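Colleague: I would like to learn how to read a model like this one. Could we go through it feature by feature?

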Amino acid sequence: MAFLKNRISVPLVGSVIVLGIIGIIGTFADDPIGFLKNIAVFALVGLAIYFVFRLMRRSTPRNKEQQAFIKAAKKSKKRLQTKGGEQSTKSTSLGSLTSLKKSKTKKKSPVHLTVIDGKKGKKKNRASL
């Protein structure tokens, strides 16, 4: 069924495009100044709609949060790069053995998980179901 729709749509779309090109050429040949005015008005309306849409999109709070996140990520990346640069110069001067020891004794971030005690030992009372 999709193959049949595709067969019909290709000539239909092609004919619409050809008729549009013929219309544009005819309008340009008949009244070139009017054609250029219409194109200019269309471009100005399109730009106005684009800038209004962009202005509305910029003022959303989610976008502000996204910008703050990107800024924080850049700061963090710079901080990690400066730390990485200092560590690489120290590790080459002290030797590979001390750098291995430092990497093994890295601090782990605290895990914020709690254990919830359940009723694993109790059997269900099947008669109450």
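Colleague: What share of the 129 residues in the protein is buried?

Modeller: Keep in mind that this is a predicted model. A residue counts as buried when its relative accessible area is under 20%. Here, buried residues make up 2% of the 129 residues. The protein exposes about 13200 Å², and carbon and sulfur atoms supply 66% of that area.

Colleague: How many helices and strands are there in the protein?

Modeller: The protein has four helices and zero strands. Read from the N terminus on, the order of elements is α-α-α-α.

Colleague: In which helix is confidence lowest, and in which is it highest?

Modeller: Confidence is given for each residue on a scale from 0 to 100. Where it is low, the predicted coordinates should not be read in detail. The mean pLDDT of the protein is 77, with 64% of residues reaching 70 or more. Helix 4 (residues 96–104) is lowest, at a mean of 54, while helix 2 (residues 32–58) is highest, at 91. Over residues 88–94, pLDDT stays under 50, and the model has three contacts beyond four places in sequence for them.

Colleague: Which residues make a nonpolar surface patch?

Modeller: V13, I17, I21 and I25 make one of about 380 Å². I25 lies in helix 1 (residues 2–30).

Colleague: Why is I25 called exposed?

Modeller: The cut-off for exposed is over 50% relative accessible area. I25 has 55%, so I25 is exposed.

Colleague: How many aromatic pairs does the count come to?

Modeller: The count comes to two. One of them joins F28 and F35, with 5.4 Å centre to centre and 75 degrees between the planes, which is edge-to-face.

Colleague: Is F35 buried or exposed?

Modeller: F35 counts as buried because its relative accessibility is 16%.

Definitions and conventions
Residues numbered from 1 in each chain as written. Predicted model: local features only at pLDDT ≥ 70, side-chain atom pairs only at ≥ 80, totals over all residues. Heavy atoms only, no water. Patch = residues over 30% accessible without salt bridge, like charges linked within 9 Å, V, L, I, M, F, W, Y side chains within 5 Å. Areas by Shrake-Rupley, 256 points an atom, 1.4 Å probe, with all protein chains shown as cover. Salt bridge = Lys/Arg side-chain N within 4 Å of Asp/Glu carboxyl O. Helix = DSSP H or I, 4+ residues; strand = E, 2+ residues; numbered from the N terminus. Buried < 20%, exposed > 50% of the residue type's maximum accessible area, 1.4 Å probe, protein only. pLDDT = per-residue confidence, 0-100. Contact = heavy atoms within 4.5 Å. Phe/Tyr/Trp six-rings, centres within 6.5 Å; stacked < 30°, edge-to-face > 60°.
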